[in-house]
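Welcome, and thanks for taking a look. Below is a short tour of one model, going from chain to interface to helices.

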Amino acid sequence: MTNISLEPIEIVRGQPYPGAPDNWKRFFTFSTDHKVIGIQYIVTSFIFFLVGGLFAMIMRGELITPEADLVDRTVYNALFTMHGSVMLFFWTFPVLVGLGNYLVPLMIGARDMAFPRLNAVSFWMIPIAGILMMSSFLIPGGPSQSGWWAYPPVSLQNPTNNLINGQVLWILSVAISGVSSIMGAVNFVTTIFKMRAPGMTWFRTPAFVWSVLAAQLIQLYGLPSLTGGAIMLLLDLTAGTSFFTPERGGNPIVYQHFFWFYSHPAVYVMVLPVFGIFSEVLPVHARKPLFGYRVIAVSSVIITVISSAVWVHHMFASATPPWMRMFFMVTTMLVAVPSGIKVFGWVATIWGGKMRFTTPMLFALGGISNWVFAGITGIFLGSVPIDLHVHNTYFVVGHFHYVLYGAIVMGIYAGIYHWFPKMTGRMYYEGLGKLHFVLTYVGTALIFLPMHPLGLMGMPRRVASYDPEFAFWNVVASIGGFLLGLSTLPFILNMVSAWVRGEKVGNNPWRAYGLEWLTSSPPSVENYEELPLVISGPYGYGRSEPLVSNVPNPDLTEFPESLTPQKAS
Amino acid sequence: MKKLRAILIMSIYAILVALASLWMAKQSYSWFPPEASAESKLTDDLFSLFTGLGTFIYLGVIGPFIYSLIFHRASKYDRSDAPPIEGNTWLEVIWTATPLVLVLTLSFVSYRTYEKMSIRGPMELVHLHVPQMIEPAYAEPFDSTPQQDIQKAVETEPIEQIDVTARQWAWVFHYPENDITSTELHLPVDRRVRFTLRSQDVLHGFYIPAFRVSQYVVPNEDINLELTPVRTGTYRLRDSMYSGTYFAANQTDVVVQSPNDYQQWLAAASAQTPGSAFNQAAYEYSQSSEPGSGNTKDKVAVRGWATIPPAPPPVVNYAPKHEPDSPA
């Protein structure tokens, strides 16, 4: 039965498929290969990451002095709106979908995602939506200036009176990216439920796959709320309806519920896959099984459930009645429990391990240390009386950037470095990688730590000018910001040059357990010649237990411990 | 013997962490603006508790983490695996139960603080569509007497009513008893003050950092908020909810005065005929809408896009003579 299944697939495939997996032109086609789509997602979103980062650096340039003197106030307001929107909708979401796309089918022993064409469609909506949003810089009224929340009534004020204005383009772009995410979520959930290899029970499924599932379930229940809110906002803006328009009797607070019902869980959509990356990277580079794997896996799903009932903590200072403040304070704090389980599990994983400080390991460890800090300030923010003081101040900005940059972006870097040899068959340059890590870690601390004291002193977020008493910490933060901008250069250099002429390494340079390492690097089109038959759980370090009972790809010769003893010998 | 040493080291580390946490909890008071209201003392105490516990947890996790990073590394040619320890049920139960108990405790303490502020404090008096939902809070079985300063202020003098109107981009304060208006907020010390917050256009945030409370101002809704200034001085009121182009300039000074000074100020203000106040947003807008008006201070490197014009400068009895300056 070994090779028979491959041949019909060869004939049935009706997709344009220019050349072998080493043909770079495939990245510019409507390819349905999950690995091509994964890299398309990652590269596209990284370009948007640079764009969003550029906006941030202009903002830090403005904030280096108290007066509004570098850019006009309207430009500053447009910049923070676009920075937030681009970073979330066109960097963090898509890059993680990209990593998930690349890794989930490989990790569960599938040949592709459940709906390959849908997968390709959901990717190609991302550049379209992104260009649509960027095009708002070219229209007369400029881009949206209402922040990435687009709270009415400010978002409904249209100074140019044009029908095509920055806010309309923003809503359309977000709606398109939302539809793309919903399609992606359907695809992921179906794939994970239906396409795990024979023998891969839930508790043999890697923690990364669990966390992607947990994240994508949130997309399914949450996104309809945001999309609905966005459509009502669009109607208010263009068709004169009065859902949220106060002068026509609408209620702007209702929008906040629609918005945060999705947008808080959205934070977990972003952080859960990163938790998954930490859970995959640590065991490999510490040569030790993931401590408390089952609990870590299940805690992802617990986060999915709890996160559906915490959204009002963004609205404590809004017109929110006391009972609601108290209820959501308790639910918000409860999220600390499953998050804590994961952190303790990671610390116990490296405890007594045999660690090597490779670049992915450094980024994972750095990300975890930042996450611990961000989690603790998160509990501060969950407490109503404290939140009423720091609400909408730089304390909040510092907190969520510690989550998004300190933990999530560092986790993404860890993932990219860790699976780079799998994606390309080549090794990145370790020296450049370590330089990248140091710049990123120091830059993160320099820019985001000072935001906490600024917030406690009472500096509101989103201000283009501020009182001179805040000047010192803002200068420090700006220096950190420019350092972070600089930190992307060794990364880009590393990725490009290593992909072109890096040292060729084998299929499993990390000697890692996991189905993705049982195929060639880069993997062949359908990943496995024969579907793997899984006979044990992930993370079999130190046990020399085989992972599969067959040889999915006969050409794999390295790290025979992960195969059956008789086949390997 | 080895076990004893491990226990000893861990105990010493725990004591050091506890000391560091105590120190941080004490330090945390200095990270804030002055405590100018009775409510701010409650907030700062709560924050100090969170800082202490937060430091304890942070160091408790980071300590073993860093120990691992230093001592649990593979030697250069060691390609073997570490012992396959997959979990420990007792350990996992402990580190699930401890955070659970901790966050429930912190929630409870936060609730108590909130009650102490809110029996007559700001949040209980946010009148919304569900007033009956507020009632049960009074019937809670545990102590919910307000903080002493607040109680004393309420008992000695009647609550001072002040109407606050927010708009793009100005604050106007109306003192209904004397029927005077001002763009600077003057408050009597040691007296309970009730603000009625109204917005004429978009959402704004009424935020005085020295008082530690912020509250959105919502169009079509009257939101009441009570505070107790306890320290004379000049503080800053900032718009904390992004409200459009000149949002960052929508600030004013808050002057907390002794009862005598306050009465004098009221009398002086009511003697003045209303005049147009200085308004930063309107000023900047007029500068930018007249190209070549020649004021280099207000020129920026990158010109902007069209904006909603600011509301005309408010006409009030009292306005500070110059641009308001911020306290140090």
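## Chain B at a glance

In chain B, 78% of the contacts with a separation of 6 or more are between residues 24 or more positions apart; two residues are in contact if their C-beta atoms, placed from the backbone, lie within 7 Å. This is a predicted model, in which local features need pLDDT of at least 70 and side-chain atom pairs count only at pLDDT 80 or more, while totals for chains, interfaces and linings use all residues. Residues are numbered from 1 along each chain as its sequence is written, with chains lettered from A and ligands numbered from 1 in the order in which they are written.

Chain B holds seven helices and twelve strands, which are DSSP runs numbered from the N terminus (helices H or I, at least four residues; strands E, at least two). Of its 328 residues, 41% count as buried, that is, with 20 or more other C-beta atoms within 10 Å of their own C-beta, placed from the backbone.

## Where the chains meet

Between the two chains, 89 residues of chain B are in contact with 85 residues of chain A. On the chain B side, α2 (38–71), α3 (89–118), α4 (131–134), β6 (204–208), β7 (213–217) and β9 (233–239) each supply at least two residues.

That side of chain B divides into 56 nonpolar, 21 polar and twelve charged residues. Here Ala, Val, Leu, Ile, Met, Phe, Trp, Tyr, Cys and Pro count as nonpolar, Asp, Glu, Lys and Arg as charged, and the others, Gly among them, as polar.

## A helix pair in chain A

Now to α6 (residues 207–238) and α7 (residues 252–263) of chain A: their axes come within 7 Å and cross at roughly 150°. Axes are lines fitted to C-alpha atoms, for helices over the stretch in contact, and angles run from 0 to 180 degrees between N-to-C directions.

Residues of α6(A) including A:G222, A:L226 and A:L233 meet residues of α7(A), among them A:Y255, A:F258 and A:Y262. By class, this contact has eight nonpolar, five polar and no charged residues.

## A covered helix

Helix α8 of chain A (residues 265–286) has 22 residues and reaches 31 Å from its first C-alpha to its last, close to the 32 Å expected at 1.5 Å a residue; the expected span is 1.5 Å times one less than the number of residues. α8(A) is mostly covered, with 22 of its 22 residues buried. After α8(A) comes A:R287, whose phi is positive, near 50°.

Technical notes
Buried ≥ 20, exposed ≤ 12 C-beta atoms within 10 Å, placed from the backbone.
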